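Have a look at the sequence and the 3D view first, then read on.

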Amino acid sequence: MAEESHIKIVPAGKLGYSFRRHLRERFIETFLFMSAVLSVAIMLAIIMMLVKESFIFFQHVSIWDFLTDTQWTPLFDDAHYGILPLVSGTVVSSLIALLVALPLGTIIAIYLSEFAPFTVREVAKPFLELLGGVPTVVYGYFALLFVTPLLQAIFPELPGFNLLSAGLVMGIMIIPYVSSMTEDAMRAVPMNLREGSYAMGATRFQTAIRVVMPAAFSGIAAAYILGISRAVGETMVVAIAAGMQPNLTWNPMEPAATITAYIVQVSLGDLPHGSIGYQTIFAAGLTLLLITLVFNIIGHVLRKRYREIY
Amino acid sequence: MKSVNNLEEIRRIISLHKRWDLLFMIAGIFALMIAVLTFMALFAHMLIDGMPRLSWDFFTSFPSRRPESAGIFSAWVGTTLVMLVTAVAAVPLGIGSGVYLEEYAPRNLLTEIIEINVTNLAGVPSIIYGLLALGLFVYQLGFGQSILAAGLALALLILPVVIVATREAIRSIPVTIREGAYALGATKWQTVSDHLLPYSSAGILTGIIIGLARAIGETAPIITIGALTFIAFLPPSPIKNEFPYVSIEWLTAPFTVMPIQMFNWVSRPEEAFQLNAAAAGLVLVVMTLAMNGLAIYLRYRMRKNIKW
């Protein structure tokens, strides 16, 4: 009974409803709610801002011209507003990047998830993460001053600015995103699926390709979609290494501007607020957002349709 | 079905398949090597070009027309101040939003919209945030091409990183901790502030560091805002000699940051400026590597020490 004396007798009033405490709880909850809703507000603000300025732009330029004209020269006297040259630059550089990043990222992911010994994985994963943390402007420098001269040794006619070198470096840059997400998806596949496969006499490679990868398909698709979004939205590497001249071409050996590089080029100059040149970057930005949005939706659908639940 | 008696045949098939295993192992190591070697080449190239330029003067000189006397003084001061604004804006909002989604949010349509939206925000190209900041902060709210506008733009950019890190850190705390706190009569906020936030602080800190490391290297949104590339002066000092000792004048000052300075030097044709770019890049890479390394170390420590 000695312990009983330690218990403090609290006056009943203190345990009851406290207005101040209640007020503080409500106040904090409101602040937390507001900060969560802010992310939705940001998205709405992005869309509204791009649509608002693009709307003014499309009062000067018809959407048909915007989509079909083959020249993009908004800052010249003879102004043309065809987005195609910028889209072609974006598509070519992104395709090269994805041709590098998706196969290499997938192979690295399969290797790390299914083959590599524990120590290799423990060292390689943080290293890849560091690789993903290198600023893009540094990769741009590397593309312009290291990769391009290297490629020029192989293709002597390659110009100093070209989509090939920018795309290749962009691909290397995206590898960590693809590999880490793909690996996470593959490791989330339960062990008993692998054990079942091994018990049937399958090798590691057969198990990885025929059992683990199909089971992890939705996650792998999400990783690929993220890689595509990164490639399409990447700015500094192409702005530095691919030149900023809009050029309707599908040839990776030529210089060309991407949508993002054009926005950079205009922003570096001194365009007055409200001019048509100012509005073009919002129209270009809207195009970019729509492209990434389409891929995000595809990713969402793929994830929903092929999700395997264990 | 073929007869299984043919042991030789089975052995042959297995050894054939095992050869594929080996081939793929080699392919995997090869792919990993490409990533590793690229990074080595990148680092070595910058080290060789940039190292001779790195000196005390490089850190304390303003950019200049003469490459050999140009430095990154205004750039690193600008980066520090912009990061300050970014951290002050993104950390409370990110943590608040993460706590709300994990602990407070009711299961309804709005919560689902917020969750999907956070994922989508993480996929929006960074230059789009620059356009938002240009239209909203620079012109509509009248912040001008200032440190405040740049810091807020980067804060929006890293918000999803902080939110996701906060949510994951809080989610990993077992529900028994919450039940214990509630059983003792703690309110929701007391549970969050006395238990959940302290226990998840290492995870949240990791997320903040990774976010800031990303913000330090971001160039595109800041160019879009219209940051000047040639700044040969410092923003007004935040600390004053006379009362009230602190000043917020620097928030509205024009500025430049490290990646912009580097971009400016890379895009010049003279080789001497490109050496400066290499030196600035080296400083930038070491900074981001150190921050990311710290985050990885923190996570490693955390995983080792905390066993619920």
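This is a predicted model: local features need pLDDT of at least 70, side-chain atom pairs count only at pLDDT 80 or more; totals for chains, interfaces and linings use all residues.

**Chain A as a whole**

- Chain A is built from helices: there are 13 of them, and zero strands.
- Read from the N terminus on, the order is simply α-α-α-α-α-α-α-α-α-α-α-α-α.
- The radius of gyration of chain A is 27 Å, whereas a compact globule of 310 residues would come in near 19 Å.
- Along the principal axes, the C-alpha atoms of chain A take up a box of roughly 95 × 65 × 35 Å.
- As for burial, 48% of the 310 residues of chain A count as buried.

**Where the two chains touch**

- The contact draws on 70 residues from chain A and 69 residues from chain B.
- On the chain B side, helix α1 (residues 7-50) gives the most, with 18 residues.
- That side of chain B is made up of 44 nonpolar, 22 polar and three charged residues.

**One helix pair across the contact**

- Helix α5 (residues 118-133) of chain A packs with helix α11 (residues 271-305) of chain B at an angle of about 145°, and their axes are 9 Å apart.
- The crossing of α5(A) and α11(B) is right-handed.
- From α5(A), the residues taking part are Pro126(A), Glu129(A), Leu130(A) and Gly133(A); they meet Thr288(B), Leu289(B), Asn292(B), Gly293(B) and Ile296(B) in α11(B).
- Sorted by type, the residues of this contact come out as four nonpolar, four polar and one charged.

**A closer look at α1(B)**

- Helix α1(B) has 44 residues and reaches 64 Å from its first C-alpha to its last, close to the 64 Å expected at 1.5 Å a residue.
- Which residues of α1(B) are buried? They are Phe24(B), Gly28(B), Ala31(B), Leu32(B), Ala35(B), Thr38(B), Leu42(B), Met46(B), Asp49(B) and Gly50(B).
- As a rule, residues three or four places apart in an α-helix point the same way, because there are 3.6 residues a turn.
- What do the buried residues of α1(B) pack against? From chain A, the partners are α4 (84-115), α5, α6 (136-154), α7 (163-187) and α9 (204-215), together with α11 of chain B.

Terms used:
Residues are numbered from 1 along each chain as its sequence is written. Chains are lettered from A and ligands numbered from 1 in the order in which they are written. Helices (H or I, at least four residues) and strands (E, at least two) are DSSP runs, numbered from the N terminus. The radius of gyration is taken over C-alpha atoms; the globule rule is 2.2 Å times the number of residues to the power 0.38. A residue is buried if 20 or more other C-beta atoms lie within 10 Å of its own, exposed if 12 or fewer, and partly exposed in between; C-beta atoms are placed from the backbone. Two residues are in contact if their C-beta atoms, placed from the backbone, lie within 7 Å. Ala, Val, Leu, Ile, Met, Phe, Trp, Tyr, Cys and Pro count as nonpolar, Asp, Glu, Lys and Arg as charged, and the others, Gly among them, as polar. Axes are lines fitted to C-alpha atoms, for helices over the stretch in contact, and angles run from 0 to 180 degrees between N-to-C directions. A crossing is left-handed if the near helix is turned anticlockwise from the far one by less than a right angle, and right-handed if clockwise. The expected span of a helix is 1.5 Å times one less than its number of residues.
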